[in-house]
Amino acid sequence: MPRPPFNDPVQRSFEPVFGHPAWGVSRGHGSFLTMEFGDPELVVHEWPSGLRRSVNVHGAWHLWIYCCRWTLSDKGGRLAERDDADGEIDRAVHLLNGQKLIGVEIDRTSAETRFLFDLGGLLATSPNPNNSDDPDVQWKLMTAETCFKVRADGCFSLGSMKARPGEESWERL
């Protein structure tokens, strides 16, 4: 698949991320995957009650693989996919730590996405097969201020991290 021009929204959003190594790559809730890129920073969240506070370390860019099917492979072949056992997923995603993101390829009609890494890592995502009535967000690339989302129907949203669900503006890729 040829690399799209940088005037496309996916490439524009990822351009500053390319060349940065992934770190903190992990399996989150269920089969969700997260990874960080860029300098680490502490993110402190205070609850309005004043009785609770959380502190997390995130990169300048935080990639969250969300409600989709995914497969992780390297030069040797398939390492893991969404439905594999937790231990198998944990071992496989660890192999992305330290690999630099070098490309993102997306099929504009199917929303299938390929995240390419410099040491041969490949993370491929595709929509869940049974969610055509209400397309899920497949993945998000977040900074402290912005959130770029891609849905299973081939639409994207680029907006504020403070936007509430339903306030997003969606466009075709």
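**Close-up views of the predicted model**

**View 1. Five strands form an open sheet in the order S7-S6-S10-S9-S8, with antiparallel pairing.** Strands are DSSP runs of E with at least two residues, and helices are runs of H or I with at least four residues, both numbered from the N terminus; two strands pair if DSSP finds at least two bridges between them. Strand S7 (77–81) and strand S8 (101–106) stand at the edges with a single partner strand each, so one side of each has no neighbour in the sheet. On average, neighbouring strands of this sheet are turned by 20° against each other, direction ignored. This is a predicted model, in which local features need pLDDT of at least 70 and side-chain atom pairs count only at pLDDT 80 or more, whereas totals for chains, interfaces and linings use all residues. Residues are numbered from 1 along each chain as its sequence is written, and side-chain values use heavy atoms, with hydrogens and water left out.

**View 2. Strand S6 (residues 69–74) and S7 run antiparallel and are joined by four bridges.** Within this pair, Asp74 stands opposite Gly77 in S7. Helix H2 (residues 86–94) packs on the sheet and touches S6 and S7, contact meaning heavy atoms within 4.5 Å. The direction of H2 makes about 125° with that of S7; axes are lines fitted to C-alpha atoms, for helices over the stretch in contact, and angles run from 0 to 180 degrees between N-to-C directions.

**View 3. An open sheet of seven strands has the order S1-S2-S5-S11-S12-S13-S14, and its pairing is antiparallel.** Strand S1 (22–27) and strand S14 (171–172) are the edge strands, each pairing on one side only. Strand S5 (residues 61–65) pairs with strand S11 (residues 137–142) in the antiparallel sense over four bridges, and Trp64 stands opposite Lys140 in S11. H2 lies across S1 and strand S2 (33–37), at about 175° to S1.

**View 4. S3 and S4 form a hairpin with six residues between them.** The two strands run antiparallel and are joined by six bridges; Glu41 has His58 in S4 as its bridge partner. In the turn, Gly50 has a positive phi of about 80°.

**View 5. Strand S3 (41–46) and strand S4 (53–58) each supply at least two residues of a nonpolar surface patch.** Leu42, Val44, Val55 and Val57 form this patch. Leu42, in strand S3, is exposed, with a relative accessible area of 61% (exposed means over 50%, with a 1.4 Å probe and protein chains only).

Key:
Patches are made of residues with over 30% relative accessible area and no salt bridge: like charges are joined within 9 Å, nonpolar side chains (Val, Leu, Ile, Met, Phe, Trp, Tyr) within 5 Å. Accessible areas come from the Shrake-Rupley method with a 1.4 Å probe; for residues, only the protein chains shown count as cover. A salt bridge is a side-chain nitrogen of Lys or Arg within 4 Å of a carboxyl oxygen of Asp or Glu. Buried means under 20% relative accessible area, exposed over 50%, partly exposed in between (1.4 Å probe, protein chains only).
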